[in-house]
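Here is a short tour for anyone meeting this structure for the first time. Have a look at it, then read on.

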Amino acid sequence: MKLKSSFPIEMLRPSGLRARFLMAHLSVALLGVIITASYARYALDRAFAHHVQEDMMLQARLLADQVAQGGEPMARDERWTRLAGRWSKINGGHWTIYDSTCRIIGDSGSPSGERSLASQPTPSSALKGKVGVCLQRGKGVSGKRLLLAVPIWREELIVGVVRASVP
């Protein structure tokens, strides 16, 4: 035995103009959700990158102060490599210490020779007394790599550069 209803079943079947309005409303709602999610992800990525940059800048300045107190001369020495290696273990990333001509004097990874980096944006800014910051495409999870360089000051003279590279 079937129950009779006063509600016409045809009202439930999408047809014609109603179906188009329903699809349009759903499409607009979905587009709004996608845009909101994309913006939220972008905002979170930027906030995280800013936080990482501020933290790495503080760590680089602390390392630069420690190197500056290390005494003369600023030449390739095992103690600078040990210091950069220790800094890398504590803070992560790749840490390199350069003299005033941007020659490597200490490196947390395998040293890649005596190459001058004075022409690159981050060390050249640091040699002018400013903090050099650069965001490059990298091989990390995010596909980006933060490069940061700060000057090493002894009194009024820049005697070197500390450079951090963080994926």
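Is Val-161 buried or exposed? Val-161 is buried, because its relative accessible area is 0%; here buried means under 20% relative accessible area, exposed over 50%, and partly exposed in between, using a 1.4 Å probe and protein chains only.

## What you are looking at

This is a predicted model, where local features need pLDDT of at least 70, side-chain atom pairs count only at pLDDT 80 or more, and totals for chains, interfaces and linings use all residues. Residues are numbered from 1 along each chain as its sequence is written, and side-chain values use heavy atoms, with hydrogens and water left out.

The chain's average pLDDT (the predictor's confidence in each residue, from 0 to 100) is 79, and 78% of the residues score at least 70. Helices (H or I, at least four residues) and strands (E, at least two) are DSSP runs, numbered from the N terminus.

A nonpolar core is a set of buried Ala, Val, Leu, Ile, Met, Phe, Trp, Tyr and Cys residues joined through side-chain atoms within 4.5 Å. The largest one here has 23 residues, and those with the most contacts inside it include Met-56, Trp-95, Ile-97 and Ile-152. Two or more residues each come from α1 (16-68), α2 (78-91), β1 (94-99), β4 (144-154) and β5 (157-166). Helix α1 gives the largest share, 8 residues.

Zoom in on Ile-97: leaving aside neighbours within four places in sequence, its contacts (heavy atoms within 4.5 Å) include Val-67, Trp-80, Leu-83, Ile-152 and Val-161.

## Back to Val-161

There's also a second, separate core of 5 residues, and Val-161 is one of them, along with Ile-104, Ala-126 and Ala-149. Val-161 sits in strand β5. Setting aside neighbours within four places in sequence, Val-161 touches residues including Thr-96, Ile-97, Pro-123, Ala-126 and Ala-149. Its C-alpha atom is separated by 9.5 Å from that of Thr-122, 39 residues apart along the chain.

## A buried aspartate

Now for Asp-107, in strand β2 (residues 104-107). Asp-107 is buried too, since its relative accessible area is 4%. Which side chains does the side chain of Asp-107 pair with in polar contacts? One is His-94, at 3.0 Å, and another is Thr-96, at 2.8 Å. A polar contact is a pair of N or O atoms within 3.5 Å; within protein, one must be able to donate a hydrogen and the other to accept it, and residues adjacent in sequence count only if both atoms are side-chain atoms.
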